[in-house]
Amino acid sequence: MMNRIIPSDVLRGVLWADAASCTAMGLLLSVLATPLARWFGLPAAMLLQASVFLLGFALLVACLAWRRSSPRLLVWAVILGNAVWALDSLLLLVSGWVAPTLLGGLFVAAQALVVAVLAELEYAGLRRSAPLAA
């Protein structure tokens, strides 16, 4: 049987915030991909692909926030996914794969910081969560 937890109030709140921010960013990127691509100096296709991923990720995270108990491993996957997203965002800026404008670089760095903070807060909430009694 999978190791399950009862999410702490902290974890549940941060998961809801994560789901909301992913939904908002996913919708923003999908609706405004073309003008944002021009302003940020980032490929529109990349912004659209990110929007699809973010909307799917938001659904997963909202499901975890809503449920009374969740698999610990799935919560860890969300935390690690956020950490990788934040790191990859910063690596994108130094990789040379894209040539963002100043506004685009600030946007990528800011969202990386927000996602890293969410990962840290989710980890703190996970540590406060109780194991589900068998």
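These are my notebook entries on a few spots I looked up in this structure, which is a predicted model.

**Entry: the core**

I started with the largest nonpolar core, which has 29 residues. Which of its members touch the most other members? They turned out to be L15, L29, L47 and V75. Next I checked where the core residues come from: α1 (9-31), α2 (33-40), α3 (44-66), α4 and α5 (102-127) each put in at least two. The largest share is from α3, with nine residues. I jotted down a general point here: nonpolar side chains tend to be buried together in soluble globular proteins.

Leaving out residues up to four places away in sequence, L29 touches L36, L47, L48, A50, S51, L54 and F107.

**Entry: N82**

I found N82 in helix α4, which runs over residues 72-95. Is N82 buried or exposed? Its relative accessibility is 4%, so N82 counts as buried, given that the cut-off is under 20%. I also listed its contacts, again skipping residues up to four places away in sequence: D18, F57, V115, L118, A119 and E122.

**Entry: aromatic rings**

I got a count of four aromatic pairs. One of them is F53 with F57, a stacked pair at 5.7 Å centre to centre and 20 degrees between the planes. Both residues sit in helix α3, four residues apart, or about one turn of the helix.

I looked at W76 and Y123 next. Their ring centres are 5.6 Å apart and the planes are at 50 degrees, so I wrote this pair down as tilted. W76 belongs to helix α4 and Y123 to helix α5, so the pair ties together parts 47 residues apart in sequence. W76 is partly exposed, at 32%, and Y123 is partly exposed too, at 30%.

I also noted a cluster: ring pairs link F53, F57 and W85.

**Entry: the sheet**

I finished with the strands. Three of them make an open sheet in the order β2-β1-β3, with antiparallel pairing. Why is one side of β2 and of β3 left without a neighbour in the sheet? β2 (70-71) and β3 (130-131) stand at the edges and each has a single partner strand, so one side of each has no neighbour there. I checked the pairing of β1 (residues 4-6) with β2 as well: it is antiparallel, over two bridges. For I5, the bridge partner in β2 is S70.

Methods. Residues numbered from 1 in each chain as written. Predicted model: local features only at pLDDT ≥ 70, side-chain atom pairs only at ≥ 80, totals over all residues. Heavy atoms only, no water. Buried < 20%, exposed > 50% of the residue type's maximum accessible area, 1.4 Å probe, protein only. Contact = heavy atoms within 4.5 Å. Core = buried A, V, L, I, M, F, W, Y, C linked by side-chain atoms within 4.5 Å. Pairing = 2+ DSSP bridges. Phe/Tyr/Trp six-rings, centres within 6.5 Å; stacked < 30°, edge-to-face > 60°.
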